[in-house]
Amino acid sequence: MREILLPLPGRDQSYRICLSPGLRLDLGQILDSLGLPRRLFVVSDRRVARLHGAPVLQALARDGYAPDLLTVSPGERAKTWAVVQRLARELLARGAHRGSALLALGGGVVGDLSGFLASIFMRGVAFIQVPTTLLAMVDAAIGGKTAINLPPGKNLLGTFHQPRLVAVDPQFLRTLPAAERLNGLAEVLKAGFIRAPDLLPRLALGRSRLFRDEGELTEIIHRAAAIKAEIVAADEREGDRRRFLNFGHTLGHGLEQASNFRLPHGRAVALGMAAALRLSEKLAGLPPEEARWGRGLIKDFGFTRNLPDLDPGAVMAAVSLDKKRREDGLVFVLLRRLGEAVIQENVPPTLAAAALA
Ligand SMILES: NC(=O)c1ccc[n+]([C@@H]2O[C@H](COP(=O)([O-])OP(=O)(O)OC[C@H]3O[C@@H](n4cnc5c(N)ncnc54)[C@H](O)[C@@H]3O)[C@@H](O)[C@H]2O)c1
């Protein structure tokens, strides 16, 4: 089993990301070894629960746990205050108390939602992440950010609540649809672009067989998760290094919004990264051949195929609106070299729009 250790902020302790094919069937033993509560509530979405719930619950029961299962609808619409309240009431009805633990079995939605609930239920209970999408394995489940949405926008209510354990089993990905795999791959590519240039040619070579080669997939997830872990460990709240994780996201968010969310997040980020590579060449000294190679890689993965018609003006309007809420001018994460990210302030919107075109 592979392990990545992460410090618990403000405490002289750490928590771990455990990674191994088949791990979902040994969860009880790992929870035991960490002294985690036996009163366990598993939160999942109905699709994941149908595909993967039974074996996980049975394995936990075999190891002496009596887990309760709570489910929500699949997809972003579950990240609401109404669902948090409904789950909290269900927890109370089933006898959950301060010494209970919540285990998120699902993608980033289930992780964000149940992490938020775990952070406020009885002023905070132990939380365990068992991510089932690639995006959650390499990104959402790591770093302790939790959130729900409000009608005006995504992730507007949230907390920091670190999990006591992140247990990653790449075998969950056997059932993950192609579009969701691509979403996660955008974040893996991002990890390579900002921190691990050696990962990029490896991804390029293994593109067609990545999800059939369990060893390689495990290694790639390990590398990408370790990069996210290293960055958040160095910088738990939104400081400079954590901002590197926004590579491709400035324009990506604008693209998502301008497409009315028809463009999936991963594809939007990938297109944002392609534009950021162009900008990096202009503003941060990224060698043109590296920028071109990086953009080719994004294209080869299929991120640019069958794009909806998008008005660059609308994208830039969404970007400016998004940014004005937080800071003046456009701030981009750019690359000085592949694997070396920098923060670039005051990027002229006209240049950003040109990069997008
Ligand atoms: N907290 C963070 O730091 C952080 C970081 C990035 C993203 N996020 C959040 O993560 C969310 C997106 O996460 P996501 O992309 O994992 O989406 P998701 O959780 O909605 O999962 C995508 C779809 O895949 C299905 N699914 C999940 N695992 C499956 C499996 N193994 N087999 C088959 N189907 C499966 C789900 O039912 C869902 O329909 C967003 O809400 C985003 O805001 C949070």
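Me: In which hand does H6 pass H8 in the crossing?
Reply: Happy to look at this one with you; the model is a predicted one. Helix H6 covers residues 178-195 and helix H8 covers residues 214-234. The way H6 passes H8 makes the crossing left-handed.

Me: Which residues of H6 and H8 make the contact?
Reply: Let's take each helix in turn. H8 brings Ile220, Ala224, Ile227, Glu230 and Ile231 to the contact. From H6 come Val188, Ala191, Ile194 and Arg195.

Me: How many nonpolar, polar and charged residues does the contact of H6 with H8 have?
Reply: Charged residues number two in this contact, and there are no polar ones. The nonpolar class has seven.

Me: What volume does the second largest pocket have, and which residues lie nearest its centre?
Reply: The volume of this pocket is about 390 Å³. Its lining is made of 17 residues. Those nearest the centre are Leu271, Leu307, Ala355, Leu356 and Ala357.

Me: Which helix gives the largest share of the lining of the second largest pocket?
Reply: H11 (265-283), H12 (288-300), H13 (312-324) and H14 (349-356) each supply at least two residues of that lining. By class, the lining has 13 nonpolar, one polar and three charged residues. The largest share is four residues, and the helix that gives it is H11.

Note on methods
Residues numbered from 1 in each chain as written. Predicted model: local features only at pLDDT ≥ 70, side-chain atom pairs only at ≥ 80, totals over all residues. Heavy atoms only, no water. Axes fitted to C-alpha atoms, helices over the stretch in contact; angles between N-to-C directions. Left-handed = near helix turned anticlockwise from the far one by under 90°. Contact = heavy atoms within 4.5 Å. Nonpolar A, V, L, I, M, F, W, Y, C, P; charged D, E, K, R; others polar. 1 Å grid on protein atoms, 1.4 Å probe; cavity = no way out; pocket = protein on both sides within 12 Å on 5 of 7 lines; lining within 4 Å. Points joined across faces, edges and corners; volume = space filled by probe spheres on them.
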